[in-house]
Structures are given as structure tokens and as C-alpha cells.
Amino acid sequence: MPVKLLMAFSCSYQTEENVYKGFRIPGDPSVADTGIRAMQWNHPVSIGSPPNQVLYKQVFFPLAATPQYPLSGFGLLGIRVGESTIGGVGQVSISQLLEEVSAVTALNEVLFLLTGEGELAGSSIPGQKLEIWTNDTVRELVGLTRSDNATMVKEPVLSISSRLLARYCEGIECDWDGTDIVHTMGKYLVIYTPIEDELADNISLLLVMVVEESEITEPAEKLNKLIAIISSSVLVVFGILAVLLGVGIASPVVKFTEKIYLSSLMELDGINMKETFFLTEIQMMNSSLMVLVDHLVLYKSFLPTMLLDKESEEESSDTNIKSRSGVTHTSRSDA
């Protein structure tokens, strides 16, 4: 994160009271002790004179002081957290950094930063107001607005911030430690994580990213549809190949089966013709036998009559013979 060096100095006992007040130094001005023994962040403070003021989030670090006031030295670094500027001092702000990050990402997300007092220190939403000014004749910069201020904070930052403050803050003090969590809030997917500084304490900043859940699920849905289309196409291609392969294999089999079937039919026709011929022959033989039987029956019926006629003829013949023999014998006697 880029920062702007504001000052690094040691202050004397005579001037330290104004410095302590202006920079919110945590020490005791009466003994010229800044209380700064290590690097630490302070609450955002306004720099400049009304109405030309800007807000900075600053980190203090100890510096060597004069032998007379050994604990009165300190230095600080700061970054602008509001939208106001003074000339060319501190032109880079947290909001500008968040806007730049949001612009280069693939998602249409909203980024914002909360302080340990629940104030809105920066937002990627263009035109978001962060500072509170007095309405006096000479306007004075008071500080940052609370992130749940419905008259100043835009959506979706307002609704998300209100939930976070209700969950992690007591009064104006917020504890962001251990809040590295992903939540679904309404139609939004919210990811928030505390910013940590390994070199300085008390930074107390929470970075929040808000994105519509549909933007996360839409690529997956498109991918699923694409996979479904590809799968369907593959199935269709395999189906066509299977049909073609089946036709290629089945056609010779069908032809071979048809040949066997036709051959079987021809053999059956031959067998039927032979059976028909034999049946015809048998029927003719039966007819001949019936005619022969009829003749035999007829012959049998005429046989007695024929025998009687023959006997009669034989008797007649014998009578004639005897008659002839008698005449001959008589004739001979006469002679």
C-alpha cells in the first residue's frame, strides 16, 4: 500500500502540546513523553486548517529525541482515507486504490474498508462520500462517517456494513480479529478479512468484498450447460456411429440369414412337392385297388351262377354223349 511521508521530527517540551493534540499522540505532554515505544497505528486524524483539511490514517514510530527530552521524539507515515485533498499532498487515497483493484478484476465486485470504530475508510463505489463536515460558517472536517449511516452510505455497503457492525461491534469499538469469513447475505456473497500489519499494532482495518452470488455461480452454470451440450453431442455422435456400425455388421448377417431362410423355403417346397407326388401315387394306387376290389366282389357275386351254368352244361354234355352212345349201340345190334 503506498503511503505519504508527512513528517519525522523530535518535538520540544514547549511545542509538544499542540503536536500531541493535532496528531492524537497517546503519551503525556506534561513530561514530554509521546508514549511511542514501537510502531503503532492511530485513529484517522485531520491535517490542515479549516476549510482546507484532509484525513489520514497514520502509523507512528519512535525516533531519537534531544538529550533533555529523550522520550519526545516520534515519526509518522500516513495514507489518505477521505476524498478531500490539499494541493499535491497525499493524492493517493484508499478509495482510489480500491477502485483500481475493482476495475482490473473479472468480477463486478464492491470493495470497502472499515476502521476499528466502524467508520467507512474507503470504498470502490465511485462518488461515495466518506467525510463529515460541520455546517458552521467556516466548515471543519470532523472525521469519517459511520458505515451504517443511511443518509451517506450507498448500497450494498450500507446493508452489509450494518450487519457486520451489529455482529462485531459494541458501541463504537469493533473487534475484527478472527473475522476471516465468507457469508451469504441476501443475494450477495460477502468475503471479509482483517488487515494485519506485522510491523505495527492497532491497525484495526477490515477489508470487505461484496459480489452478487449470481456472478460466482454463472460461470459454473455456463460450464455445466457447455458440458451438457458436449455430452449430448458426444452421445449423438456415438449413437450415429453405433447405428452405422450396427448396419455395417448386421447387413451381411441379415443377407446371410435371408439366404438360409430362402434355402429352407426351397427345401420345404421340394419336400412338399415330393410329399404331394407320393400322395398322388398312393391315391392312384388306392383307386386301382378299389377298382380291383370292386371287380373281385363282382366276380364273386357271379361265380356261383357261372358254376351252376357250367355244371348244367356238363350234365347236358354227358346226356348228349350217353344219347349218342345208345343210338350207336342200337344200330349195331340191328346190324
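Tyr-56 is buried, with a relative accessibility of 1%. This is a predicted model. The chain has 335 residues, of which 27% count as buried.

**Tyr-56 and its strand**
- Strand β4 covers residues 52-62 and holds Tyr-56.
- Tyr-56 counts as buried because its 1% relative accessibility falls under the 20% cut-off.
- Val-45 is 11 residues away from Tyr-56 along the chain, and their C-alpha atoms are 5.5 Å apart.

- Asp-175 sits in a loop. That loop runs between β11 (173-174) and β12 (181-185).
- At 46% relative accessibility, Asp-175 is partly exposed. Partly exposed is the class between buried, under 20%, and exposed, over 50%.
- Asp-175 belongs to a negative surface patch.

**The chain as a whole**
- The secondary structure consists of 4 helices and 14 strands. Among the strands are β4, with Tyr-56, and β11 and β12, on either side of the Asp-175 loop.
- Take the contacts in the chain with a separation of 6 or more: 51% of them join residues 24 or more positions apart.
- The accessible surface of the chain is about 21800 Å². Carbon and sulfur atoms account for 62% of that surface.

Terms used:
Residues numbered from 1 in each chain as written. Predicted model: local features only at pLDDT ≥ 70, side-chain atom pairs only at ≥ 80, totals over all residues. Heavy atoms only, no water. Patch = residues over 30% accessible without salt bridge, like charges linked within 9 Å, V, L, I, M, F, W, Y side chains within 5 Å. Areas by Shrake-Rupley, 256 points an atom, 1.4 Å probe, with all protein chains shown as cover. Salt bridge = Lys/Arg side-chain N within 4 Å of Asp/Glu carboxyl O. Lys, Arg positive; Asp, Glu negative; His and termini not counted. Charge placed at Lys NZ, Arg CZ, Asp CG, Glu CD. Helix = DSSP H or I, 4+ residues; strand = E, 2+ residues; numbered from the N terminus. Buried < 20%, exposed > 50% of the residue type's maximum accessible area, 1.4 Å probe, protein only. Contact = heavy atoms within 4.5 Å.
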